[in-house]
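Open your viewer, colour the model by chain, and get ready to click around. We'll go stop by stop, and at each one I'll tell you what to select and what is there.

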Amino acid sequence: MRRSAPLMHIAVCALGAIYLIFASLMLYNWIITVFFPTAKLLYSICGVFIPPDPGSAIVLATTGMLLAGSVYYHYDRYKFISCVLVGSLLGSAILVLQLLTVIANAIDAQILMLYGEIVEYGLKEEIMRPDVLLGIPSAIVLYNSVRELRKQW
Amino acid sequence: MSELSKAKHNRIKIALAGTPNVGKSVIFNNLTGGRAWVGNWPGTTVEKKVGKMRIDRQDAEVIDLPGIYSLTAYSLDELIARNAIIEEKPDVVVNILNASNIERSLYLTISLLEMGANVVVALNMIDIARERGYEIDVRKLRELLGVPVVPTIAIKGVGIDELKEEIKKACRGRKTPELIINYGDEVEREIEKIISVLEKDPALIKKYNKRWLAIKLLEKDEDVIERVRKSQVASMILKQVEKSIKTLEEALGRDIEEYIAEKRYEYAFRISNECVKVVREVPQTPSDIIDFAITHKVFGIPIILSILYMAFKFAFDVATPLVDLIDWFFAAFLYDIVKSSTLPEVVKSFLADGVITGIGSILVFLPNIVFLFIFISLLEDLGYMARAAFIIDKIMHRWGLTGKSIIPLIIGIGCNVPAIIATRAIEDENDRNVTALVNPLVSCSARLPVYLVIAAAFFVAYRGVVVLSMYLLGMLLAIMMALLLRKCVFRGPSTGFIMELPPYMTPLPKNVLIKTWERTKRFLFKAGTVILLATVLVWALSVTGPSGYIGTEALEDPTLLEKSWVGVIGKTMQPLFYPMGWDWRAIAALFFGFMAKEIVVSTMAVLYGAAGEEELPKMLSMAFTPLSAYAYMAFVLIYVPCLATLAALRGELGLKYAILALIYEILLAYLVALAIICIGIPLGLK
Amino acid sequence: MPLSFAPEGHLVRVVCIRAGRGLSRRLIEMGIAPGKVLRVVRTLGAGPVIIEVCGDKSKSVSDRCNLCCTSCGNRIVIGFGTAMKILVEEVARRE
């Protein structure tokens, strides 16, 4: 385990950095769509896949901070695991929530048919979001860190 | 006397006492199979709860007391618990101990034994004690305390049957030997002296344990002094007490009250030292490890924000299908059935436009509310709330509140009424008053329907952000008002708070659901009574006017509606709201919203002639501009607490402060709405 | 020094409590009395603190903590206002 530790540090840190990048992109997209909706040139970097959602951006940023920040505590196993655990927990939680939302929207489309409304909803857009995509490695990290913690008790 | 009434008269009473967060409510649920709120943060049970259990084919009453550390008259919770024990004279007091923190729990046990209560000890959370690396010698503890001790793990149901058995035994064989702590020769001598005076009033001695009374008098316990004052020999007793206190404080050179408390604690410490042995050293428990990040200086607040966002996402996005289903059921299905029936026109309109539209437009928010409560209950059971209180204290302190205020403020997101009751757990009176007074500013679930309807009409793309901004505005105003109240009305420094940090626990689905149900019940009850009445009233006032009955056509014809009572009320108040540019219907809705804020939506639905929730936004987009709609949302957020909240404020703080809350909120609402318009127009917003 | 300013991870001894009747009593009931040794688990830098009660005046500190003290691991949150009223002195630096 000793030998694999630095690898773990690097992986977690990289994941954290990706989270931070996507968080800032999301925030950027939000600012663009809210304050400069007419400026076509500025609009969205991959607007389809990075929705302008400030709330999600906060969660992504927090997750990123925790994962990337954990490396700051690389000297102390407990502190390191603590940050990784909470960070990946948040990342996985938002993944689960987003998946629940997708299921909810799918059911909702069925219900709206009762009204005779045909709702178009983009499953692809709902799933190809950074919170979902990044949630998967996050869940793996969570699984690993929980196992790491279990070893002790 | 018949057998039955005799049995009723002698009904067995069992009280549950324990420190906060020790699992009392879980044991309560286990014993009674009943329902009490169970939360993993201190101070969930703010009022005593009563349930039933069966002992030897007899009904016994189980009272769940608030969580307390001792039996002083210091905080309201403690007084409630103590009075319940003094007045109700329970046959058995089940004292629940936290096995992972036995010495702090024993303080209460000792206080109970000193009172002469018939105690059965449940040693709860032994699993956590083991996890922390120590074992408790139960036999030794039983010996030292002289009362039955049952080890339990309440959330897993371990030891509950044994506990029931011990309770039964204790009911039959009343009276355990009272515990006597030696407080040192000087104190004991004075206690003897006070007892000898107390003995002159046999009534007093009969009612209370005399040694306990003497000790409490030495401790300058206000409540006990009040009780003694009613005695005929009161002046004699109090004179002796005063003399004793003076002698003792001179001899000991310190405050006698603190001295006694410390002695008691020392005793608890000795007992715990004798029966707890450390099996192995545990450097850090999983809870401690997780806490490092959760309570981190930098990460703490982003984590709180993330969790809040997730709560709202869960409550709104995930609950959408249920919302639409309920809406379809009322606005399309039931509405059409009634409208196409062969009933007379008035009855049809009454049922469809009044009752169904009214109830439907409220019940449509039930899923949102249930989901929000599920999330809050999960956080409570997980143990996150106490951490949030710690993180937030530094900020709250700056604004004249304490970290503990966060609990009522978060409950307030659900409903302000239980939130205001929950302020009882705050020890400092000024803190308590301020927290309760600003609580109506926290946007409760009843206001959510209003935001959602308006947001759906004007801010489709940013629904979430706009709704969130209302919550933030509410919090911001609450903080500013708190600061103002602190500066002007409740001066003096805050004493802060102390709270145990519970270990994290996996929430039990059953407990979460029970709690969610308890909280939702209130909403449903309101929907069935107040709101139903109010919508019917609105309907009635819309189809009648100063000229008498107008007819149900009024609901579809704006010119007719203007002549109704609702039109009259709205129009009279319209000049007041001239700058905001709201039409009279919106103003009339505000008027009815005083009963409960949900009614604003159902009133608007009736007044704008919308068939259900889906249609209302379309109607609204014609009546408002986005700016005036936003100002309207802010106004609804702030203006007057609903009737139930006012009643709660009156109950907790008195009529004077309830009126203060009413007045400041109306003024503040008007100012904020005006400010939004005044700032918005020059910015080019419409 | 007020408890609020005590550095994280350090052991401190309570010197005196400058609080009103009710509060100082509540503190004693929670095991925070003059002479008691506390471990500062977490601070937010001159704000609220999380502490553990680690022992008392009669015993030496070093062999008490982590050995046989039953309240260790039981953490208490103390709000800023209260933490300012508890005066402590440093005993040892410990991680």
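## Stop 1: chain A

Select chain A and follow the sequence: the pattern reads α-α-α-α-α. Counted up, that is 5 helices and 0 strands; helices (H or I, at least four residues) and strands (E, at least two) are DSSP runs, numbered from the N terminus.

Before going on, some ground rules. Residues are numbered from 1 along each chain as its sequence is written, and chains are lettered from A and ligands numbered from 1 in the order in which they are written. This is a predicted model, where local features need pLDDT of at least 70, side-chain atom pairs count only at pLDDT 80 or more, and totals for chains, interfaces and linings use all residues.

Now colour chain A by pLDDT, the predictor's confidence in each residue, from 0 to 100. The chain averages 81, and 82% of its residues score at least 70. Where is confidence lowest, and where is it highest? Helix H4 of chain A (residues 123-127) has the lowest mean, 74, while H2(A) has the highest, 91.

How much of chain A is buried? Of its 153 residues, 37% are. Buried here means that 20 or more other C-beta atoms lie within 10 Å of the residue's own; 12 or fewer makes it exposed, in between is partly exposed, and C-beta atoms are placed from the backbone.

## Stop 2: where chain A meets chain B

Show chains A and B together. Here 32 residues of chain A are in contact with 26 residues of chain B; a contact means that the C-beta atoms, placed from the backbone, lie within 7 Å. On the chain A side, select helix H2 (54-70) and helix H3 (77-113), the elements that give two or more residues. H3(A) brings the largest share, 19 residues.

## Stop 3: inside chain B

Select chain B alone. It holds 34 helices and 11 strands, and 53% of its 686 residues are buried. Colour it by domain: domain 1 is 3-172, domain 2 is 185-252, and domain 3 is 305-490 + 511-680, with bounds that come from an automatic or database domain assignment. Domains 1 and 2 of chain B touch through 6 residues from each.

Next, zoom in on strands E2 (residues 49-55) and E3 (residues 58-64) of chain B. They run antiparallel and are joined by 7 bridges; strands pair if DSSP finds at least two bridges between them. Click B:Val50 and you'll find B:Ile63 of E3(B) opposite. The hairpin has 2 residues between its strands, and B:Asp56 there takes a positive phi near 45 degrees.

Stay on E2(B) and pick B:Lys49, which is found in that strand. Why does B:Lys49 count as buried? Because it has 20 C-beta neighbours inside 10 Å. Then try the distance tool: from B:Lys49 to B:Glu615, 566 residues apart along the chain, the C-alpha atoms are separated by 44 Å.

## Stop 4: helix H4 of chain B

Select H4(B). It has 14 residues and reaches 20 Å from its first C-alpha to its last, close to the 20 Å expected at 1.5 Å a residue; that expected span is 1.5 Å times one less than the number of residues. Most of the helix is covered, with 13 of its 14 residues buried. Just after it, look for B:Gly116, which takes a positive phi of about 90 degrees.

## Stop 5

Finally, bring in chain C. Its elements run β-α-β-β-β-α-β from the N terminus on, and 58% of its 95 residues count as buried.

The contact takes 42 residues from chain B and 36 residues from chain C. Among the chain B elements that each supply at least two residues are H4, which spans 102-115, and strand E9 (498-501). That side of chain B has 17 nonpolar, 13 polar and 12 charged residues.

Which strand of chain C pairs with E9(B)? Select E4 (residues 75-78) of chain C: the two pair in the antiparallel sense over 4 bridges.

Technical notes. Two residues are in contact if their C-beta atoms, placed from the backbone, lie within 7 Å. Ala, Val, Leu, Ile, Met, Phe, Trp, Tyr, Cys and Pro count as nonpolar, Asp, Glu, Lys and Arg as charged, and the others, Gly among them, as polar.
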